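Work through the exercises below with the model open. Try each task before reading its solution.

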Amino acid sequence: MLQLQQLEQLIAFADQGTLSKAAEVLLISQPSLTRNMQSLEDELGVQLFQRSKNKLVLTETGEYTVKQARKLLKQGQTFLENVQRFSMQATTLFGGICAPGVEWELRSRLAEQEINQEIRLDLQENEALISGLLDEHYQFIVTDFLLNEDGILSNGFFMEQLYLSVPATHPFALQESITLDDLAGLTMLLRSDLGIWQPLVDSLTETKFIVQKDWEAFEELVSASALPSFSTNITQLSSENDSQRVHVPISDREATKTFYISALKKNKAIFDQLTKN
């Protein structure tokens, strides 16, 4: 009977080029790998290898089999993930978001409702979010536009306003507001993985950024540094540095974004739970 392990070993041979290297990667003996490949040929009833005294290469059928094996194993992984995901839906919410601030807003709402349900979120581009919702990979998504499609519930969720966060001694700290043009020439601390905020940051070609991926490390840098950073009305509620910094609103239109939450109608209960005030 055909075993997925045999296909994994075939792929390892294709990737490594020799039985000895493949056996080393797979942590099995070369004789065992040789027997398994012969068994795979017998199971499939085709010749996968062209054998010579000191060389073993894939036949054309072998190359095709490797491609099909990769597809099958990928489908198997998807099958496993889907089954596990289904089994967890009673206690876990699966969502897709387009900006990091959405996670703080979601978790804050669940905490206010005293809901202990676990939530798992993927930060993705809007196109991937919509595809994931329709494929039921996500139970809900949050985008920066309303979805007007049959079978989908969609509603305004919250608004996020961008601020410049500076120490009280910074020249901008006394201003009521600033514009994006005022950021020219500044060196700023910046979080990575900004989602839909990234194009705005990319447009600031005259501003230098020191990028940090880890949130805790970023918070420590902000606390220890006099450099400006961005904050929003959402992230300020979670930041340990909020009382140490002055947050100056950025007045440009693109510095404010409205987010919308969407779910399939079959997940109306989840939609209602997350949009409850």
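Two strands pair if DSSP finds at least two bridges between them. Helices (H or I, at least four residues) and strands (E, at least two) are DSSP runs, numbered from the N terminus. The model is predicted: local features need pLDDT of at least 70, side-chain atom pairs count only at pLDDT 80 or more, and totals for chains, interfaces and linings use all residues. Residues are numbered from 1 along each chain as its sequence is written, and side-chain values use heavy atoms, with hydrogens and water left out.

**Exercise 1. Strand S6**

Task: find which strands S6 pairs with, and in which sense.

Solution: 
1. Locate S6 at residues 152–166.
2. Take strand S11 (residues 256–264): nine bridges tie it to S6, antiparallel. Gly-156 has Tyr-260 of S11 as its bridge partner.
3. Go on to strand S10 (residues 246–249), antiparallel to S6 over four bridges.
4. Finish with strand S9 (residues 229–232), which is antiparallel to S6 and joined by four bridges. Leu-164 stands opposite Phe-230 of S9.
5. Check burial, where buried means under 20% relative accessible area, exposed over 50% and partly exposed in between (1.4 Å probe, protein chains only). Eleven of the 15 residues of S6 are buried.

**Exercise 2. Helix H5**

Task: what length should H5 span, and which of its residues are buried?

Solution: 
1. The expected span is 1.5 Å times one less than the number of residues.
2. H5 has twelve residues, so it should span 16 Å; the end C-alpha atoms lie 17 Å apart, which agrees.
3. Its buried residues are Gly-101, Val-102, Glu-105, Leu-106, Arg-109 and Leu-110.
4. An α-helix has 3.6 residues a turn, so residues three or four places apart point the same way.
5. The buried residues of H5 pack (contact: heavy atoms within 4.5 Å) against several elements, including S6, S11 and helix H9 (268–275).
6. After H5 comes Glu-114, with a positive phi near 55°.
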